[in-house]
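Here are a few notes to go with your first look through this one. Keep the viewer open as you read.

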Amino acid sequence: LRQRGNQYLEHVREGQPPVLHFEYEMLADARTFPKPVNYALVRIVPPAGVKIDAESRPYVIIDPRAGHGPGIGGFKDDSQVGVALRAGHPVYFVIFFPKPEPKQTLLDVCEAEREFVRRVRRLHPKSPKPAIVGNCQGGWAAMMLAAASPDDTGPIVINGAPMSYWGGAWSDGEGDNPMRYAGGLLGGSWLASLASDLGAGTFDAAHLVQNFENLNPANTLWDKPYHLFSNVDSEPQRFLEFERWWGGFYLMNREEIEWITQNLFVGNKLFKDKHSGGRAMFDLREIKVPIILFASMGDNITPPQQAFNWVADVYKSTDEIKARGQVIVGLLHEDIGHLGIFVSGKVAKREHTQIVHVLRSIEALAPGLYAMEISEKPGKKGEVEYEVSFREHSLEELVKRINRFKRVDEKPFEAVAKVSEFNQNAYDLFVKPWLQPLGSETSAEWQRRFHPLRSQRWMLSDINPFAWWMGPAASVVKANRKAVAADAPTRKVERALSDIASASLDYYRAMRDAVSESMFFSVYGTMFATGMEDKPAPEQPFEVDPSESSIIQETLHRIDRGGYPEAVHRVAYLVAQKGKPLPLASLELKADLLEDYAELLPRQSPEASRRTRGEQEVMVRHEPQRALETLPELVRAPKDRERLLQLIDKVTDDDRVEFDLTKEQLAMLAKIATVLGAKGAAQPKVVVRAKAAAPKKAMAKKKAKRTKA
């Protein structure tokens with residue numbers, strides 16, 4: 001702990017630089033932009049022996065600004081940065097500085113990040129659009145960026161990102177995800193304004209870190225230090241590395257923290273808020289690229305409901321997701337905690353590595369909502385190998401699965417938002433005018449120095465004259481210490497007492513969280529029931545009647561319009577067989593087919609292709625007969641019809657495609673040939689047979705060619 005204190009002081013003297021494990025070079029400092037913000041873009045320098053392909057997709061990683069400094073996405077070798085570098089991708093990192101620029105807002109930050117992405121694109125003109133990776137609060141920053149600049153970003157990967165702040169009811173029992181009740185129990189957002197005014201317009205984000213620590217008192221007060229002391233020969237290095245990041249407390253200005261608390265923590269309206277002219281501030285439906293959501297059932301800071309429920313808030317149904325050409329992939333870990341999503345080496349080797357490897361395949365998915373499943377199998381040399389598959393789900397199914405109360409438990413949070421708004425207005429009117437002039441930079445600095453999380457570090461360091469003896473004493477003990485055997489009676493007693501202490505604190509936490517939850521629903525549930533019961537309930541996804549959905553009606557209205565691209569995708573859905581998981585191998589095979597039949601396939605951008613595929617699937621699902629009958633309207637030119645029929649024949653007769661066509665599929669092929677006026681349409685060329693896979697050498701050549709491309 002003395003070393004931690006010294007490390008903290010040294011880090012502060014250095015200006016609290018990012019805790020990145022990798023070397024980096026500055027590319028753009030947003031403090032010099034027309035609207036300055038305390039952000040910067042850096043390029044990660046590849047370690048020795050790691051080769052980067054400048055034409056591979058670049059990665060831009062955005063770390064959370066939730067009290068700590070930047071770098072957690074790359075603070076060790078097995079991390080998001082390390083995974084992307086080893087895969088040959090250029091990696092860029094968005095860092096930020098300890099002190100905010102005066103009057104900067106999150107909208108200014110979003111604009112700076114848009115400029116960062118544009119600069120990355122200019123550096124890699126021949127590469128696909130950069131993938132944006134957002135961690136925790138960096139996740140909604142990435143979504144804001146993609147919604148504000150839909151033509152500049154590639155796929156979005158958000159890890160443990162809170163997007164729907166009111167969600168959280170998962171399992172039976174009290175105390176589910178207690179952090180979501182904090183805003184209501186504290187009376188709303190006014191405390192953040194109070195802390196900012198006491199800090200002379202600056203909010204000390206160490207308060208946010210303290211909230212995290214209070215969430216699990218057993219770990220904070222006992223388990224963490226006990227694990228360190230009981231493994232004192234091996235644990236200090238890991239402990240000090242993590243504490244260098246965990247103890248790097250940064251600052252926000254009043255405008256930022258008020259926007260976050262009022263619009264996110266309490267208001268839950270990041271993508272519902274109104275901007276000038278009555279338009280939505282950010283419309284997630286404008287995002288044109290796949291979105292990968294990574295969450296964990298063991299995360300009590302950002303539970304899966306907060307990571308996934310926004311999909312149901314933005315889209316009314318599965319059909320709307322498809323009609324808009326959107327691909328959303330969910331990856332759910334069983335038990336890892338919030339920090340483990342970003343810092344765990346096992347998670348980096350498994351989940352983050354597989355996301356990087358299959359990102360190209362995810363772009364090939366048809367529009368819809370998918371679950372990404374990773375299974376393990378023994379490799380040829382004894383190492384673990386992973387297989388990835390994608391299983392399509394409906395939005396209606398997802399919401400039922402992860403929300404125990406059908407989101408009824410979120411209604412009292414509407415009362416919280418009203419109470420918070422009242423308290424905020426009262427504070428702004430009666431307290432703020434006389435408190436603001438009393439705040440000064442000197443008093444704010446002393447408050448920050450004596451914050452419990454800072455003082456517990458510098459008080460136990462070499463600047464404390466009463467701690468002069470610790471360093472020499474520790475050296476003597478380390479040189480002469482003899483560890484007690486693990487099975488010694490005193491060791492057993494020690495572990496038993498430790499378990500009792502930990503269990504006691506866990507019991508306290510369980511009781512505290514249960515009481516908090518009970519108080520919350522007693523107060524705000526009653527408020528909602530008595531004062532807002534006549535307010536219509538929020539719309540929930542359900543099987544939408546096509547006649548009642550504007551997006552479906554607009555799509556069906558275009559059923560006889562289009563061209564060759566629409567015809568190709570419509571035929572694919574008319575013949576498709578649904579309900580089976582889609583292994584990664586199928587997507588890689590599809591890449592081969594796309595390459596071989598390029599002359600027969602339509603030329604579209606990935607975004608336009610996904611939109612077309614989604615619209616055609618909606619048409620085939622709701623109006624299959626009309627979709628078949630109007631197919632000739634899409635290919636009126638004889639050459640287009642011949643081209644389409646030739647494509648069907650070649651694909652269905654390709655030895656690399658394993659077909660086991662049903663009678664219904666054969667009949668549909670015959671109908672398609674008939675409506676297109678093909679000769680001999682009554683005798684389709686396709687026969688029911690299981691085809692052999694392509695020779696291994698040929699497939700290897702194809703794979704090598706794709707990799708090089």
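The points below take some strands, a helix and a helix pair in turn.

1. One thing to keep in mind from the start: this is a predicted model.

2. Let's begin with strand β2, residues 39-44. How many of its residues are buried? The count is 5 of 6, so to speak a mostly covered strand.

3. β2 has partners to look at. Strand β1 (residues 24-29) runs antiparallel to β2, and 5 bridges join the two. Within that pairing, alanine 28 sits opposite leucine 41 of β2. Strand β4 (residues 91-96) also pairs with β2 in the antiparallel sense, over 5 bridges. There, alanine 40 has isoleucine 95 in β4 as its bridge partner.

4. Next, have a look at helix α6, residues 190-198. Its buried residues are Ala192, Ser193, Ser196 and Asp197. Viewed down the axis of α6, they fall within an arc of 135°, so they line one face of the helix. What do they pack against? The buried residues of α6 meet β7 (202-204), α10 (254-265) and α17 (412-435). After α6 comes alanine 200, with a positive phi near 60°.

5. On the α22 side, the contact is made by Ile552, Thr555 and Leu556, while α25 brings Glu615, Val618, Met619 and His622. Sorted by class, that contact has 4 nonpolar, 2 polar and 1 charged residues.

Definitions and conventions
Residues numbered from 1 in each chain as written. Predicted model: local features only at pLDDT ≥ 70, side-chain atom pairs only at ≥ 80, totals over all residues. Heavy atoms only, no water. Contact = heavy atoms within 4.5 Å. Helix = DSSP H or I, 4+ residues; strand = E, 2+ residues; numbered from the N terminus. Nonpolar A, V, L, I, M, F, W, Y, C, P; charged D, E, K, R; others polar. Buried < 20%, exposed > 50% of the residue type's maximum accessible area, 1.4 Å probe, protein only. Arc of directions from axis to C-beta. Pairing = 2+ DSSP bridges.
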